[in-house]
4 protein chains.
Amino acid sequence: MTMLKLGMVGGGEGAFIGAVHRIASRIDGKYELVAGALSSTTEKAMRSGKALGIDPERTYSDFKQMATQEAQREDGIDAVAIVTPNHMHFPVAKAFLEAGIHVICDKPMTSSLEDAKQLKDIATKSGVLFVLTHNYTAYPMVRQARQMIHQGDLGELRLIQVEYPQDWMTTDTEHTDNKQAQWRTDPSRSGPAGCLGDIGTHAYNLACFMSQLSLQQVSAELTTFVEGRRLDDNVQAMLRFDNNVKGMLWSSQVAPGNENGLRIRIYGDKGGLEWAQENPNQLFFSPLGQATQLLTRGGNAYIDTGSHLVRTPGGHPEGYLEGFANLYTEAADCISRIKQGDRLEDVLEGSLMPDVNTGLDGLRFISAVIASSEQNGHWVSIKEF
Amino acid sequence: MTMLKLGMVGGGEGAFIGAVHRIASRIDGKYELVAGALSSTTEKAMRSGKALGIDPERTYSDFKQMATQEAQREDGIDAVAIVTPNHMHFPVAKAFLEAGIHVICDKPMTSSLEDAKQLKDIATKSGVLFVLTHNYTAYPMVRQARQMIHQGDLGELRLIQVEYPQDWMTTDTEHTDNKQAQWRTDPSRSGPAGCLGDIGTHAYNLACFMSQLSLQQVSAELTTFVEGRRLDDNVQAMLRFDNNVKGMLWSSQVAPGNENGLRIRIYGDKGGLEWAQENPNQLFFSPLGQATQLLTRGGNAYIDTGSHLVRTPGGHPEGYLEGFANLYTEAADCISRIKQGDRLEDVLEGSLMPDVNTGLDGLRFISAVIASSEQNGHWVSIKEF
Amino acid sequence: MTMLKLGMVGGGEGAFIGAVHRIASRIDGKYELVAGALSSTTEKAMRSGKALGIDPERTYSDFKQMATQEAQREDGIDAVAIVTPNHMHFPVAKAFLEAGIHVICDKPMTSSLEDAKQLKDIATKSGVLFVLTHNYTAYPMVRQARQMIHQGDLGELRLIQVEYPQDWMTTDTEHTDNKQAQWRTDPSRSGPAGCLGDIGTHAYNLACFMSQLSLQQVSAELTTFVEGRRLDDNVQAMLRFDNNVKGMLWSSQVAPGNENGLRIRIYGDKGGLEWAQENPNQLFFSPLGQATQLLTRGGNAYIDTGSHLVRTPGGHPEGYLEGFANLYTEAADCISRIKQGDRLEDVLEGSLMPDVNTGLDGLRFISAVIASSEQNGHWVSIKEF
Amino acid sequence: MTMLKLGMVGGGEGAFIGAVHRIASRIDGKYELVAGALSSTTEKAMRSGKALGIDPERTYSDFKQMATQEAQREDGIDAVAIVTPNHMHFPVAKAFLEAGIHVICDKPMTSSLEDAKQLKDIATKSGVLFVLTHNYTAYPMVRQARQMIHQGDLGELRLIQVEYPQDWMTTDTEHTDNKQAQWRTDPSRSGPAGCLGDIGTHAYNLACFMSQLSLQQVSAELTTFVEGRRLDDNVQAMLRFDNNVKGMLWSSQVAPGNENGLRIRIYGDKGGLEWAQENPNQLFFSPLGQATQLLTRGGNAYIDTGSHLVRTPGGHPEGYLEGFANLYTEAADCISRIKQGDRLEDVLEGSLMPDVNTGLDGLRFISAVIASSEQNGHWVSIKEF
């Protein structure tokens, strides 16, 4: 087992998601971090690189330079993790894809629909791997829920209730020194969506992932509750999926008492499922006319959908970092196979990793929600975008 | 303490809500059931009356006759409980109000908006008490939530998320011998709303009661999932209340795993509250920036909003029947005072009992939701109705 | 349906359990309260009787006089509820039993083992009904648990973990004006057991009721944490039941955060069960090797063990008062049959109501625990008492 | 930042805890695994080493050889992780300690009290670090609980209720091919304690760690429920701590429905705390007379007891592996300081890492419990051992 060489763009001092990606890459021992453009400020880039033990020679402040140089090195990185604010996802991903380096990119894929469409083309042409870290899709019980729905345990689906409330932006957090809040409320760095892009897309993605349904239309109401805030901080939407499945989606960053309350309930004519991110090792299954069952990760009724998903027995809680790691490990396995000569298409067969299509779908959703909200909740077809 | 004399219309053999009203009337020992038109079928009316120990002389099959005769008796009933299917609420209430007999009526108040408007006039002119049993408003922790919001514990309100899922009509229950399902899916008995009228109105009422806000506009999507069903079995709605408060409402009778899942979350700029009917002795309060608190009925942080609301100390669970009984006891106290000569207006000062205005508001809500759904989710103003 | 005539001894102004018994007697409409010796102070007895609408002529201050006179009346009471402090249970029960009046008595049955033994003889000879209100045995899900164990759903039993923590006596509550605390910590009124008698006996009784096992030996540690308190406020015990079943019992009145935390878990070689009083409509069942199931009162997997136990459908929570009422209703059904000429033995066949044997068993348990604790935890056989 | 060099003894193919230690060592990027004696079978050792990317030259089948050779290498390991069955902890730890290599050892420290005493002396003399992975002590909310108790939030402690039920050995698992069950029920590899040593010691350790109290006496009942099993599978104990604090401990491996149910409740005269391992990001705090509070890792009322303990914000669940990693990171920080010349005593000042004293205390507890059980529950003083 040789470790893959990983680079990172973004994720310097004080960043949240960069640290998460680094831990995720380490958990299963499949990557070593050897290069980085952790900040666009040279000094900060060097300081951050040093703190992470990256060779100064491979500590960059210019991601393009990093892409070029790493592509040329004999021992160049196998993959790059992109953990910048949203608006930089596109140019960075483009640079590395075009340099032939596999990309693991945080979500949303880009800050505009146009970028997303372009990136899809670029990625498709590149022939290299593009993984979008919609991490919640890689929790074991989410995978199990998807499998159960797939095999018909709920019968014909009818309803999807998904929500993702948080409370950390209940006041004007962006006017404190909270950098996370600052860029997330800045349209030039975050794109046109606030709460919608940050967490609404996770909720939407989870609904699609579990149900394997596509959204047809959305009727939405975006609100900005905090005075002076430049982007939405609350999203309400009614959803029409394929096959007359109806849904509701609520995401908010101004709901006191909610830390990271992603939660989904799906109902069919033969049963229902409920999963909540804050207690992710549990999945509640209610077969129609029978007692509700508590299914647990690694427990008696666990469906094994991949041995890498469960590192510890039932009752030993795995969480957010392990879910993230599952994607990193799946990517590593693909990359290793590609390095051994397998074709990308073959490697991706059966893969559940979110990709450019997922990313583009997310931007379409963002665009449709914004359009509907601007038209006073008019039902908007996602296909228009 | 003399017990009040109670009559009942509807609630014969096999009925659900009639039995609930009877227990509710007994819990605090303030009523004795002495007359009834429990069924419109004479034989069934007599059999039901006998089973309940009602004097055959005061067992009626014609509610108008009952209203007339009881009004004439020296020992006539003080109040009547109306527990028929929806379409009979109006004529029965009208008869008793016009006979000067106090009315305790199940919800929705009527099966049409027109009837509701008329009934409001009739009740207003009658000078007697009209109580609508929106029982969930009388749970102690619901009253506490209302009080906390009133005193500013949540700051300025922003969001209301309310839901009421059930699962008992996931299949075509109305084609079994389930009488509850039969009349609830029959427009001629239930009115134009199915799930919407049966439980959606409870959810709506709870949101308004707790928040003391009025709805301005609604955008809704009604669905009938079960083939052949004649009324809606799922309600999705986005809500715009006064003061830019936004809401979402979901009610369903086809969501497997949900027995009687009424649940509400309200958020303001200083805190959040969460209450769920199935564990009604608990209320979760999240003051912004502090730990979430578990408030309990009769517990350390309980706010006493009426000594009749708490019969047992914290930890001794009270439930659905006690909530219902709270309304009966409040009505009894009003009726007793009226019998002692107090004026209705004085007796009702400070009362939290749902009344004809509540009932009319419910029918307006039903009408607005139906109108919005028929117009493909167009935002409809409740004032139009 | 004619209502039975009920009398009450104890339960005057400010009492807790008296009010509970009265509500319990009313819920199913089978009793009317017509006589009472609610206090031994004449003035208080009269005031309390008046508040409850009892005829002054049948308001007594002397329970013996009440027993005699009611027995002589044509319209005398059918049954008496005894809700005094513990030390009065014996003389009052004796008086009514000897007067041929059915007795519904709060627990513990007596304040001494000797009294319990005598009372058993008296009750046995009397030929009338004696019901001990171990109310927790009458919750529907407790009955279901017992039935499931009986029918082998857990296989051979191995373990019983039962606990009953409260917190209301964490400080020296008895030195405030709390009357409940005053008599419960006064050996002359409560007997030799504090927390042990008040709630430890409930925990013990529940363990025996559910499992249908008898205790063989106990090793116990009684503690009084609050300085100056005259009786125990914390009970720890290890238990040896029949068939090598092992158990642990903890009850406490000084455990902050616990309101009324009766909770039991029973394990066999094929499954486990868990029930907690504060959410009594739920029962968790874990069949070995399968997912844990959530069973609910009136829900899909509910076992009907008596139609009177469930007044409302699943999801409409019933609680403490309904559990209590179940016993009152069972007693009413027995008394009615006896009045119609049935023999006591026949009437009690299959009855699950706690009786004098249950009461005596509780006192034996109290005695054995005290003995073991006095002998530094030596294992004591309950048969010695 | 240079990574420390880690070796491992035990943890070859099919092992559970070895994989856990490896992940824990990687999460914060402070160790690289460079040497191992993963099995005593040469072939298996080589295969396991290869799978983990360990240089064949540093893949040993003899741990003594490994200790000697690694101590001699310029680039020898800084620390060794011992993850063998219990009986090998002592000889392996001895070998590495005497070679001057820091030791991170799984619990229980040894399989006999004598070994534990010897190891304490050896470790003390060695001058190198010895860490015992009582991992549950390193969960952030456990640390917070300890801190809260320390600062008096509960007042004077009175009660400790600790339990650790599992169900995976409800049947004779050791007669399947389950290697975990095989060695745990084999006295020659596990020592004289089964469930007691495996998980009972965790429960005991957690109680001591949180409360900072020492056990004085124990009265215990060990049971073996599964026929033919050679060691206990159920532990019941009553505990007497310093300062008249009373406790109860239950651990079981035959309680169906329990996966890994470590749970502790501690009560003082001013409040109570409750923590459960399966939902480890929550801690319930009940200040006397106030509402119970839900404290969360990284949440509003979180007490920062070490920045390495929280990798993600509140609501992003961390679990078992992160708790384990916390110990590895604390050990890494100590070792790094020692490498920079700090003295062991200084490095350990304020450390909360379990050490040889903790390990010896655990063996004393095991010995006392066994002794008490053999003496029919006689109270045994832990100081006798």
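Mentor: In this predicted model, strand β1 (residues 4-10) of chain A runs parallel to strand β3 (residues 79-83) of chain A, and five bridges join the pair. Within this pairing, Val9(A) lies opposite Ile82(A) of β3(A). Strands of a sheet pair through backbone hydrogen bonds, in either the parallel or the antiparallel sense.

The pair belongs to an open sheet of five strands in chain A, ordered β2-β1-β3-β4-β5 with parallel pairing. At the edges of this sheet stand β2 (31-37) and β5 (130-132) of chain A; each has a single partner strand, so one side of each is left without a neighbour in the sheet. On average, neighbouring strands of this sheet are turned by 25 degrees against each other, direction ignored. Helix α1 (residues 17-27) of chain A lies across β1, β2 and β3 of chain A, and its course makes an angle of about 150 degrees with β3(A).

Chain D can be described in corresponding terms. There, an open sheet is formed by five strands in the order β2-β1-β3-β4-β5, with parallel pairing. The edge positions in chain D are taken by β2 (31-37) and β5 (130-132), each with a single partner strand, so one side of each lacks a neighbour in the sheet. From one strand to the next, the twist averages 25 degrees. Inside the sheet of chain D, strand β3 (residues 79-83) and strand β4 (residues 102-105) run parallel and are joined by four bridges. Ile82(D) stands opposite Cys105(D) of β4(D).

Two packed helices are described by the angle between their axes and the distance between the axes. For helix α9 (residues 195-211) and helix α12 (residues 356-374) of chain D, the angle is about 115 degrees and the axes are 10 Å apart. The crossing of α9(D) past α12(D) is right-handed. On the side of α9(D), the contact is made by Leu196(D), Gly197(D), Thr201(D), Tyr204(D) and Asn205(D); α12(D) contributes Thr358(D), Gly362(D), Phe365(D), Ile366(D) and Val369(D). Five residues of this contact are nonpolar and five are polar, with no charged residue.

To return to chain A, the UniProt annotation "domain: GFO/IDH/MocA-like oxidoreductase", from an unreviewed entry, covers residues 142-274. Over residues 142-274, chain A is 27% helix and 32% strand, and the end C-alpha atoms are 10 Å apart.

Chain C is superposed on chain A by a rotation of 180 degrees with 0.0 Å of shift along the axis, at an RMSD of 0.0 Å. That is the relation of a two-fold axis. The C-alpha of chain C nearest the axis is that of Gln293(C), 2.3 Å from the axis. Nine residues of chain C contact nine residues of chain A. The side of chain C that touches chain A has four nonpolar, five polar and no charged residues. Of the interface residues of chain C, 100% are also interface residues in chain A, so the copies meet through the same surface. Strand pairing is found between these chains as well: strand β13 (residues 292-296) of chain A and strand β13 (residues 292-296) of chain C are antiparallel and share three bridges. Thr292(A) lies opposite Leu294(C) of β13(C).

Conventions. Residues numbered from 1 in each chain as written. Chains lettered and ligands numbered in written order. Predicted model: local features only at pLDDT ≥ 70, side-chain atom pairs only at ≥ 80, totals over all residues. Least-squares fit on C-alpha atoms with pLDDT ≥ 70 in both. Contact = placed C-beta atoms within 7 Å. Nonpolar A, V, L, I, M, F, W, Y, C, P; charged D, E, K, R; others polar. Pairing = 2+ DSSP bridges. Helix = DSSP H or I, 4+ residues; strand = E, 2+ residues; numbered from the N terminus. Axes fitted to C-alpha atoms, helices over the stretch in contact; angles between N-to-C directions. Left-handed = near helix turned anticlockwise from the far one by under 90°. UniProt positions renumbered as here; feature names shortened; annotations may be inferred.
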